[in-house]
Amino acid sequence: MIRFEDVTITYAERPVLAEVSVEIPEGELCLVVGRTGSGKSTFLRAVNGLVPHFSGGTLAGRVLVDGRDTATHPPRELADVVGFVGQDPMAGFVADNVEDELAYSMESLGLTNDVMRKRVEETLDLLGLATLRDRPLATLSGGQQQRVAIGAALTAHPKVLVLDEPTSALDPGAAEDVLAAVQRLVHDLGMTVVIAEHRLERVAQYADRALLLPQGRIGDVGEILKAAPVAPPVVRLAQLAGWEPIPVSVRDARRRAAPLRARLPEPRPEPATKTGPVLEADDVVVRYGDVQAVRGVRLDIKEGERIALMGRNGSGKSSLLWAVQGSGKRTSGTVTVNDIDPKTLKPAERRQTVALVPQQPSDLLYLETVEQECVQADTETGRPAGTCRDLLDSLARVPPEAHPRDLSEGQRLALVLAVMLTGTPQVLLLDEPTRGLDYPAKAALAAVLKNLPTTTVLATHDVEFVAEYATRVIVMAEGEIVADGPAREVVTSSPIFAPQVSKILGPWLTVADVEAAL
Amino acid sequence: MRLHSGAWWLWALGLATAASRTTNPLLLGLVLAVAGVVVVTCRANTPWAGTYGVFLKFGLLIIGLRVLVHAFLGGVTGPTVLFTLPQVPLPDWAQGIRVGGPVSAEGLVFALYQGLLLATILSCVGAANALANPRRLLRSLPAALYEVSVAVVVALTVAPRLVASARSVRKARQLRGDAARGARAIRTMLVPVLEDALDRSLVLAASMDSRGYGRTAGISRKDRVLTGTLVLAGLFGLCIGTYGLLAGAYTGWPLLVLGGVLAIAGLRVGARRVPRTRYRPDRWTPTAIGVALSGVAGAVMLVFSADPALSPSTVPLQAPGLPLVPALGVLVALAPLAFAREA
């Protein structure tokens, strides 16, 4: 169905993909894996001709999709063969309600009204969107938006569906919904699906084969992931335990895990650290119009804790972080850090008490080079020159003359962390920092946060990251705290928030812990 | 069943045209009331339905401005001087212009009428906007104008997103403790906001391209030039014709007709070449036609009415009377209440 023949793609003399020859047959779900910057997005965009027709660059070799050469067919002429869903569905929407959005590609293809009407109804049912048909797109949740975007690509009845990070921004429940819908397409309609995803623990089990980039090796999912620099915990655990063939689903792994479970001792309980409180919040309420985002939350954070704040999209995590920091809205309630309410401080002093890294860390950056950002951070906080630079060097290797835009996600996050930490805040809040980070980058971030003297609170959907990082987990739902306790207790007791290792081995959370115990 | 959005826009344009023919405050008040009642009863529960209030507030602002400007710069003068503002002496070459000076009751009433006229027209546009999604109206444009309508729709989505992105950057700036003001603040805001806007538009363009936007069924260059010329000439004719009509010259009619014919011909030629279809297009149901006609009725009555009460005299000041026939014409626009309520 899809054939890459000796494909080399170069941007400005720099090859992104080199001599990739791959064939993906009809009806297969192919997972594209590789580190950030290994050319995954470029590969996906080459499938429907966006590379090179839209993005520029040069493509040597040949890409054939359903027999059509992308060199002679621009994306719009492939619209009836390839459905493409990008990383941010909201940014790609053309219409303003669900039904019109679903019909858009069909209108471009010039289908008759009867056909369009029938396909829209079918797609609404297939993806469980029937109740949302008249809703404005902006009012949908992330998972719903992602399903609408997939539906909009499906109505043209393409033979190939290309998904770029379809679940990265979603909470575990919404991700399940989206992936279940994708699996149904493969099973019931025989569609060929190509997915790139950082959170391999979510998708690996559904894939038929995996393609490793930049090497261009394609093969059995387990075998490919074993050799890849990125792999979900289940694969790493299998490697540790020496299971062959490598299982990629929790279920397969669990059936092999009995001997390993018997060898493992009971995990040692975390030493309870007795430290003083650093931040106390009581009865915090945040209300936007009629919507109550946070409903009377009580929070006491002790020094040195690493807290993970979890919950569905829209459960009030971000609102709580912003309210606690003091820059966001707080309808009522009290927050005290060292007997001071951060809201009463000037912004410059506030960030030296409680710092927050927002969901889009790049919003904090506006200068032309990393060096300038560091100097600016020093002057903003009144620290001696070079403080921020030293901090940054201790976190990651970032070239000082680079433009912040050109950095990788991991490097940019390191820069923003350094900028915020220059003010030596007592509490550091982070909103979804792991978006766009691959496994090695996430491990590096977890290590950095563990070594910080600062107390950290982090809102995230990433259960595997929580297992590596957190000492305490707080789960929110509908603006209220529904669970709060030591990470191991909270995480292992919930099927949605449990990491893969815990699903296989019970009380253990990470592969590193298991390795240390053996 | 959704009404054709063009129906509400025609209805509102009819009311606006009616309003533009009179400065009688009673009649204008009647138009305002009619539009208001219909909006409140007939609007659906949609995000854009709430915009009516914004238009009303804007109308009040316009009235206020009109009166203020008149008080300062003068214009219509009358014998009843209410108070005198200090006058700014101007050099000889600025003769005929006056800043400050006596403010008369007649002048103020005249300005008030004029302001009310503008505000009423604005409220009619607001009413149409609240009753029918303007983007849906764009979707009903002739196929030959498809590219233009998509561009407008996209532009309409960009504005609110720019605002949202500016807000999030401003919040982020606060997190950094940056209290920059003035030019520096603008620069530090502008870079990320524009970056974000550019990124988004690239994503949108890629998405539209992958979904078949701009698929051409091999339109030849000759056809494109022909369509373009016809449409442009037609629109030009329409503009000149309308201007002629409004200026009261009867040469307006032939130009208007000629322009209309050319424009329609251009759109027809263009539409034949566009391989697009439209999903669930709005249809001109009897209800929709009824709504449109009820609005146009008032306009027709006022355009052809020679009732002197339409423009009540302000010098000397007179209490305006209510011209009966035009008033009845405006009241016809209440008809949608009977048959076009949203469920």
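This is a predicted model: local features need pLDDT of at least 70, side-chain atom pairs count only at pLDDT 80 or more; totals for chains, interfaces and linings use all residues.
Helices (H or I, at least four residues) and strands (E, at least two) here are DSSP runs, counted from the N terminus.

**Domains of chain A**
- Chain A splits into domain 1 (2–231) and domain 2 (277–501).
- Where the two domains of chain A meet, 17 residues of domain 1 are in contact with 18 residues of domain 2.
- On the domain 1 side of that meeting, helix 7 (residues 172–189) of chain A gives the most, with three residues.
- Sorted by class, the side of domain 1 of chain A that touches domain 2 has seven nonpolar, seven polar and three charged residues.

**Where chain A touches chain B**
- Here 41 residues of chain A are in contact with 33 residues of chain B.
- On the chain A side, helix 3 (89–92), helix 4 (98–109), helix 5 (113–126) and helix 14 (347–350) each put in at least two residues.
- Helix 4 of chain A has the largest share of that side, eight residues.
- The class tally for the side of chain A that touches chain B is 20 nonpolar, eleven polar and ten charged residues.

**A closer look at Leu102(A)**
- Leu102(A) sits in helix 4 of chain A.
- Is Leu102(A) buried or exposed? Leu102(A) counts as buried, because 27 C-beta neighbours lie inside 10 Å and the cut-off for buried is 20 or more.
- Setting aside neighbours within four places in sequence, Leu102(A) is in contact with Val120(A), Thr123(A), Gly151(A), Ala152(A) and Thr155(A).
- Leu102(A) and Gln144(A) are 42 residues apart in sequence, and their C-alpha atoms are 13 Å apart in space.

**The six-stranded sheet**
- Chain A has an open sheet of six strands in the order 15-16-17-13-18-19, with mixed pairing.
- Strand 15 (354–357) and strand 19 of chain A are the edge strands, each pairing on one side only.
- Direction ignored, neighbouring strands of this sheet are turned by 15 degrees against each other on average.
- Strands of a sheet pair through backbone hydrogen bonds, either parallel or antiparallel.
- Strand 13 (residues 306–310) and strand 18 of chain A go for the parallel sense, over four bridges.
- Leu309(A) stands opposite Ile474(A), which belongs to strand 18 of chain A.

- Going from Leu213(A) to Pro214(A), the peptide bond is cis, with omega near 5 degrees; Pro214(A) is in the loop between strand 9 (209–212) and strand 10 (217–220) of chain A.
- There is also a cis peptide bond from Glu244(A) to Pro245(A), with omega near -15 degrees; Pro245(A) is in the loop between helix 10 (233–241) and helix 11 (250–256) of chain A.
- Glu432(A) is not a glycine, yet has a positive phi of about 50 degrees. You'll find Glu432(A) in the loop between strand 16 (427–431) and helix 18 (439–451) of chain A, and Glu432(A) counts as buried because it has 21 C-beta neighbours inside 10 Å.
- Glu478(A), also no glycine, has a positive phi of about 50 degrees. With 14 C-beta neighbours inside 10 Å, Glu478(A) counts as partly exposed.

Conventions:
Residues are numbered from 1 along each chain as its sequence is written. Chains are lettered from A and ligands numbered from 1 in the order in which they are written. A residue is buried if 20 or more other C-beta atoms lie within 10 Å of its own, exposed if 12 or fewer, and partly exposed in between; C-beta atoms are placed from the backbone. Two residues are in contact if their C-beta atoms, placed from the backbone, lie within 7 Å. Ala, Val, Leu, Ile, Met, Phe, Trp, Tyr, Cys and Pro count as nonpolar, Asp, Glu, Lys and Arg as charged, and the others, Gly among them, as polar. Domain bounds come from an automatic or database domain assignment. Two strands pair if DSSP finds at least two bridges between them. Axes are lines fitted to C-alpha atoms, for helices over the stretch in contact, and angles run from 0 to 180 degrees between N-to-C directions.
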